[in-house]
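Here are my notes on the model, point by point. Please read them with the structure open.

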Amino acid sequence: MGPGGQKDNVCLQGELTDRGRETTLQLGQRLRHLYIHQLGFLPENLGTQSEYYLRASPIVRALESLEQVFTGLYPSTNRSPTDPPLTIHTRAFAEENLYPNDANCRRFLQLSRAFAKVAAEKWNDSPEMQHLQSRIGKWVDGNIAVDGHPRLSGIMDSVNATLAHGEATKLPNEFYEPRVREIMNDINVDEWYRGYNQSSEYRRLGVGSLLGDVKDRMLASTNDDTNKDGRLKIGLMGCHDTTLAGLLASLGGFDQKWPPFTSSIAFEMFQEKERNKNKNIFSKLFGAKGKEEGWYVRLRYNDKPVYVKGCKATRRHLEGDESFCTLVWMANNKPAFYPC
């Protein structure tokens, strides 16, 4: 039921709200401004399907988010009536890697539960949790806890969702106090993402497969002539907050803040316009091969550069800018995509 008691046109569980549609459309419009109007990288009008790749997880809101982003990138005014329907790729739940899939991997589930237990033992009797109990406990059945009913992460989800949707959905004011929100963020981030910082196995099982897919796609891109008609230029994937935070934590670029709604990560590839024909000492030492040389990868999280921890070392990034990792290093050094 909606905030006004209405029963029609109310989102079902897992669907994207109207506000969510607005913000994901705006994300697509920002991508259009950047990659078409500013950089001239993408064509003004939608090209052939070989120029873009679309994929979403089986969760409804991820698919709907992807559709809205692509509509912002290429609105109807920039598509031909004869264009075929969009092809959006999906995978079976058992094969999905667009989120940390503990339903498909029993070992990852074991590790997730173990880290959740550690968080519960650390935080449930802490002064921070006592503060939450004193401020919002009267509106929650039972004691507030990491593993309570509802879980603390579920309470935070409700707070964030109501903040995004205006006064009609608001909870009591105590839920939005800065200290209350800070504590909820810190505890939930510790529960959900501590494993990425402490366990190489957790990183591999959580996001290693997805990062491997990204790496393979980037390497394949270097084999095509950049001026070739129909060359793949952009891939969009509808994923989840746990995906983004898991990627950032694994690559050493997480800010310890739960990703807000409509967050995004961009893996951007750059190529030097002119390259020295003679291989330098770095290329020889690190095994650079052919077309991988002269390519760089930059990550942007919510429109800001991400500094990958492993790329900060000398000769692993573009001279003068540590946010541009060399593709040579990222492709040939396993820790970049399977951190250990």
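**Notes on the fold**

1. An open sheet holds three strands in the order S2-S1-S3, with parallel pairing. Strands are DSSP runs (E, at least two residues), and helices are DSSP runs too (H or I, at least four residues), numbered from the N terminus. Two strands pair if DSSP finds at least two bridges between them. Strand S2 (88-89) and strand S3 (234-238) stand at the edges; each has a single partner strand, so one side of each lacks a neighbour in the sheet.

2. The basis needs stating: this is a predicted model, where local features need pLDDT of at least 70, side-chain atom pairs count only at pLDDT 80 or more, and totals for chains, interfaces and linings use all residues. Residues are numbered from 1 along each chain as its sequence is written, and side-chain values use heavy atoms, with hydrogens and water left out.

3. Strand S1 (residues 52-56) runs parallel to S3, and five bridges join the two. Tyr53 has Gly235 in S3 as its bridge partner. Helix H2 (residues 60-73) packs on the sheet and touches S1, S2 and S3. The direction of H2 makes about 145° with that of S3. Contact here means heavy atoms within 4.5 Å.

4. How do helix H7 and helix H8 pack? Helix H7 (residues 200-221) meets helix H8 (residues 241-250) at an angle of about 100°, with axes 10 Å apart. That makes H7 roughly perpendicular to H8 (65 to 115 degrees). Axes are lines fitted to C-alpha atoms, for helices over the stretch in contact; angles run from 0 to 180 degrees between N-to-C directions.

5. On the H7 side, Arg203, Val207, Leu210 and Leu211 make the contact; on the H8 side, Thr243, Gly246, Leu247 and Ser250 do. These residues divide into four nonpolar, three polar and one charged. Ala, Val, Leu, Ile, Met, Phe, Trp, Tyr, Cys and Pro count as nonpolar, Asp, Glu, Lys and Arg as charged, and the others, Gly among them, as polar.

6. The whole structure has one disulfide (cysteine sulfur atoms within 2.5 Å). Cys311 and Cys325 form it, with sulfur atoms 2.0 Å apart. The link is right-handed, with 115° about the S-S bond. Cys311 lies in the loop between strand S6 (304-306) and strand S7 (317-318), and Cys325 in strand S8 (residues 321-326), so the pair ties together parts 14 residues apart in sequence.

7. Cys311 is buried at 0% relative accessibility. Cys325 is also buried, at 0%. Cys239 is partly exposed, at 28%. Buried means under 20% relative accessible area, exposed over 50%, partly exposed in between (1.4 Å probe, protein chains only).

Notes:
Parallel < 35°, antiparallel > 145°, perpendicular 65-115°, else oblique.
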